[in-house]
Amino acid sequence: MTVEESSSPCATATFTAVEEQNAVEVPPTFHKNSGFDSCTGIYHSLLQLGDKFQIPDKHELNIAEYVLSHICYADDQSRVALVDSATNQVITYSELRQSVHTLASVLYHVLGVRKGDVVLVLSPNSILYPIICLSIFAIGAILSPANPVSTESEIGKQLRESNPKLLIIAPEEQHKLAGIGIQVLLTTRTSNEDVLCVEKLIESCNPPLELPETQLTQSDIGAILYSSGTAGASKGVILTHANIIANITILKWLVHATSSQEDVFLCFIPMFHVYGLTFFGLGLFTAGVTSVIMQKFDFQAMLNAIETYQVNHIPAVPPVILGLVKCAGKLNCNLSSLRRVGSGAAPLSKKLAEEFRESFPWVELRPGYGLTETSGSTAFFLSNWQAEAHPASCGMLLPGFCAKVADIETGLALPPCEKGELWIKSPTVMKEYLENEEATESTLDSEGWLRSGDLGFFDEDGFLHIIDRMKELIKYNGFQVAPAELETILLSHPQVLDAAVIPVEDEETGQTPMAYVVKAPGSKLTKQQVIQFVACQVSPYKKIRRVGFISSIPKSAAGKIQRKQLVLHTQQQLTSKM
C-alpha cells in the first residue's frame, strides 16, 4: 500500500499505553506497543488527553479568549506570571490579564487595527512580548513576529508578503524599518516622550475602552510565522486560531502531567520562533506557572538566572545542552534547583544526551520534536525513564497526532524500524504557506497530511527517531549520507567543541561530505586526524573527505545549523583557488 492510497482518518489515540486498564477495543491490525496499524500504515498516538484537557470544539473561540479564560479562573491572581531576569520586574497573572485588555483597546480604538489586519512584531524577548501577542489575537488581528537579527532585506521580504498595517518594534530595531510608510508603535520608552510605546500606553490607558464583538472563530488566521529557511528560502506559515488553541491544550496537558504550579521556567528561546511563542508567549499561562524571561541567550546569564530564581525547567536547544556538557566541571554556580531540561528545534544526538545525563544526573533530559508547520508540537517524552531507555529518540506522538513513514523511493507506508519521510496529521497542522501555492501543494496533501521533509522512523515501542532533513542528505555515489550522524561522531571527539557537515559538489561521486570543525582552545588537532577519527567509525561511503577549521558554526536563533552559509563559504573558497 502506498502512502497516497491510505485514507484512514487520524484520530486521538484509542488507549493510553501507560494505563492499559483504560484501553478500549482496537482493530486487530493495531499494534498496542508501537501504535502502528498495519492495515492503514498509520501510527497513532498512544497517549490521550483525558476529559479535563479536551481540545475545545467551540467554533466562536480565539487564542486570547482561551488563554485569558484560564487566567480569569486561576485560584491566585497575585501569582507571578512573568519575571524580567535583567531588571527583576514582575507581572502577576492579574496584571497580565489587565494589560492585555488595555493594549487591545488601544490597538483597536487609537491605532485602528481591525480583524484580519496583520501586525508585525520585531523585538527581542521581553515581559511585554506575550502581552503584545495576546492583545493582537484579542482583536482578531494577525500576528507576524520577525527575527530581530534579520537583515533589512530579510525583514523586507516578510513585509512585502505579509503586508502589515502596524509595526510594533523595539527601539533599537527602528533603523531596519525606517521610511517604509507604515504606522509604528515602539515597545518601550525612548528619550522622545512624544513617541507612542506599548510600555507607556499600558500604564496610562486605564480603564480600557470596551472592545466590540469581533465575531472571531477558530478557523480564522491567527499568526504568520516564518520557518527558519535553513534548507532554502524562509516561508510564511499560516496558523489558524484552531491550530494554536489545539497546541496550547496539548501543552497544558503536558505541563500538568510533568510539572506543578509552583515550578519556575526559564525562557531564552526567542519568542518570534514557534517554540518560544507557543510555550512562553501563550501556553504556560494556562498552567499557572512562573516564567523568567531573558532578552537573549547568554550562557553565564542563564546560569545566574537558574541560581537566582531557583529555576526548575529549561526548554532548551542542543547547542545549550552541548555548552552545559562542555563546561560541566567548571560551573561556579548552584544548579541544584534544576529538575528538567527539554530539547527541541534541532536534533539531539544520543551521545550528547548520554553525556548530559552523566554530567547532571539529577536533571531529567527530555527531547522533543515539532515543526513550525505543526504549531511547534509533535512528539515528546512523558517520563525520564522513557527518555533514558530511548536516548536516540525524540519521544512519542503527542495526543491527537498520527503519522506515516513513507519510503523515499516508492511512497510505501513503512512499518516500525524502517526509515522514510515522516508524514504528520493533527489539529495543529498549518493551514498553508503564505502566497506560496506550489510549496503548499508539495507539503500538504488533499487529506491534510503534512510531509515533514524529515527522514526518520518509529521503533517497536512507538518512539520517534529523526535522522536528518531529507533536503540535507548528502548523495555520495548513490548512497545517502546524513550530516547529523557524522556530526554526532565529530562531537564525541574530546578536542572538538562544535561541528557541521555539508555537501561539496564532486564530478565523480555527485557530492562528498565535508566537515567544519571548531577546535577546543589549545588543540593541535589536524584535518587528517579528523578524517581518520570518523573513518574508523563509519561505512566507506560515509567518510569525511574534506575538513575546514572555523571559529564558530553559524546557527539560527533556534539552534539549527545554517548549512547554506557554510556551503556558500566553501563555494567562494573553491572559486578563489581556481
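## The overall fold

The protein chain in this predicted model contains 15 helices and 27 strands. Its radius of gyration is 24 Å, close to the 25 Å that the globule rule gives for 578 residues, so the chain is as compact as a globular protein of that length. Along the principal axes, the C-alpha atoms fill a box of roughly 70 × 60 × 50 Å.

Of the 578 residues, 57% count as buried. The accessible surface comes to about 24400 Å², with 50% of it belonging to carbon and sulfur atoms.

## An enclosed helix

Have a look at helix α13, residues 483–491. Seven of its nine residues are buried, so the helix is largely enclosed by the rest of the structure. Among them are Leu486, Glu487 and Ile489.

## Charged pairs

The chain carries 44 positive and 61 negative side chains. Side chains of opposite charge can pair when their charged atoms come close, and the count here is 15 salt bridges.

Arginine 563 is buried at 9% relative accessibility, and glutamate 487 is buried at 7%.

Lysine 58 and glutamate 65 also form a salt bridge, their closest N and O atoms being 3.4 Å apart. Here lysine 58 is partly exposed at 43%, and glutamate 65 is partly exposed at 34%. Elsewhere, a network of salt bridges links Arg189, Glu199 and Glu203.

Conventions. Residues are numbered from 1 along each chain as its sequence is written. This is a predicted model: local features need pLDDT of at least 70, side-chain atom pairs count only at pLDDT 80 or more; totals for chains, interfaces and linings use all residues. Side-chain values use heavy atoms; hydrogens and water are left out. Helices (H or I, at least four residues) and strands (E, at least two) are DSSP runs, numbered from the N terminus. The radius of gyration is taken over C-alpha atoms; the globule rule is 2.2 Å times the number of residues to the power 0.38. Buried means under 20% relative accessible area, exposed over 50%, partly exposed in between (1.4 Å probe, protein chains only). Accessible areas come from the Shrake-Rupley method with a 1.4 Å probe; for residues, only the protein chains shown count as cover. Lys and Arg count as positive and Asp and Glu as negative; His and the chain ends are not counted. The place of a charge is taken as NZ of Lys, CZ of Arg, CG of Asp or CD of Glu. A salt bridge is a side-chain nitrogen of Lys or Arg within 4 Å of a carboxyl oxygen of Asp or Glu.
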